[in-house]
Amino acid sequence: MESILGLLRVRVKRGINLAVRDVRSSDPYVVIRMGKQKLKTRVVKKDVNPHWNEDLTLSVADPNLPVKLTVYDHDLFTKDDKMGEAEFDIRPFIETLKMNLTGLPNGTVITRTQPSRQNCLSEDSCIVYSDGKVVQDLFLRLKNVECGEVEIQLQWITLPSTRGF
C-alpha cells in the first residue's frame, strides 16, 4: 500500500453513437486498463447509445501510466468484437490535485484541455472544483472504429494509508 498515491474513480457514464457489431445493434461493455489492472462494466444489451453510470476504481501508483479504455460487443458463441479504443493521460488531473484549492467557489473551472491529435478528446475537457472535490469530465472519441464516443468522469479518492502527493 505504501506505493499507492490514491484511487482514481472512473465513472463510465455512457456511450454515444457506438458502432453496430451485431445485425442491427450491439451489446457493448467497457474495459478500463492501467498497468496490470483491468476492470469492466456490465453489458448493455442491444444499445449503441448505452448508459452504464458505473464507477470503476483504479489504484494509482504511477501517474505517468496512461489509462486505456476499450469498448467491446458481447457475443455468446464467438469472441467479443472490439468496438474501438481510447487512451487518456491523468497527469493534468493529478497536477491539479496537488494545488491547494480549498475555498474555491463551487463550479470553478481550474483548467481546460482542448482536443488535439495527441489526445482522444472529442470536445474540451474541464477540470472543475465541485462540492469540495476535483472532477474531470471527458468525451473520448474512439479510435480504430468507424464511429463512437464514451463519456467518463474522473474523481480522486485519497486514502489515509497512502503516501499521497
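Trainee: How many salt bridges does the count come to in this predicted model?
Mentor: The model is a predicted one. Side chains of opposite charge can pair when their charged atoms come close. With a nitrogen of Lys or Arg required within 4 Å of a carboxyl oxygen of Asp or Glu, the salt bridges come to 11.

Trainee: Are Lys13 and Glu151 buried or exposed?
Mentor: The term buried applies under 20% relative accessible area, and exposed applies over 50%. Lys13 and Glu151 share one class, and both are buried.

Trainee: Which residues are linked with Lys13 in a network of salt bridges?
Mentor: Lys13 forms a salt bridge with Glu151, and both residues belong to a network. The residues linked with Lys13 in that network are Arg14, Asp137 and Glu151.

Trainee: Why does the salt bridge between Arg42 and Glu54 tie together separate parts of the sequence?
Mentor: The closest N and O atoms of Arg42 and Glu54 are 2.8 Å apart. Arg42 lies in the loop between β3 (37-40) and β4 (51-60), whereas Glu54 lies in strand β4, so the parts tied together are 12 residues apart in sequence.

Trainee: Which class of accessibility does Arg42 have, and which does Glu54 have?
Mentor: Buried means under 20% relative accessible area, and partly exposed lies between that and over 50%. Glu54 has 18% relative accessibility and therefore counts as buried. Arg42, at 42%, counts as partly exposed.

Trainee: What is the relative accessible area of Asp89, which meets Arg91 in a salt bridge?
Mentor: The side chains of Arg91 and Asp89 meet at 3.0 Å, N to O. Arg91 counts as partly exposed because its relative accessibility is 40%. Asp89 is also partly exposed, with a relative accessible area of 34%.

Trainee: Which are the edge strands of the open sheet of four strands?
Mentor: The order of this sheet is β3-β2-β5-β6, with antiparallel pairing. Its neighbouring strands are turned by 20 degrees against each other on average, direction ignored. An edge strand pairs on one side only, which holds for β3 and β6 (81-88).

Trainee: Which residue in β5 is the bridge partner of Val30?
Mentor: Strands β2 (residues 28-34) and β5 (residues 67-73) run antiparallel and are joined by six bridges. In β5, the partner of Val30 is Val71.

How values were computed: Residues are numbered from 1 along each chain as its sequence is written. This is a predicted model: local features need pLDDT of at least 70, side-chain atom pairs count only at pLDDT 80 or more; totals for chains, interfaces and linings use all residues. Side-chain values use heavy atoms; hydrogens and water are left out. Buried means under 20% relative accessible area, exposed over 50%, partly exposed in between (1.4 Å probe, protein chains only). Helices (H or I, at least four residues) and strands (E, at least two) are DSSP runs, numbered from the N terminus. Two strands pair if DSSP finds at least two bridges between them. Axes are lines fitted to C-alpha atoms, for helices over the stretch in contact, and angles run from 0 to 180 degrees between N-to-C directions.
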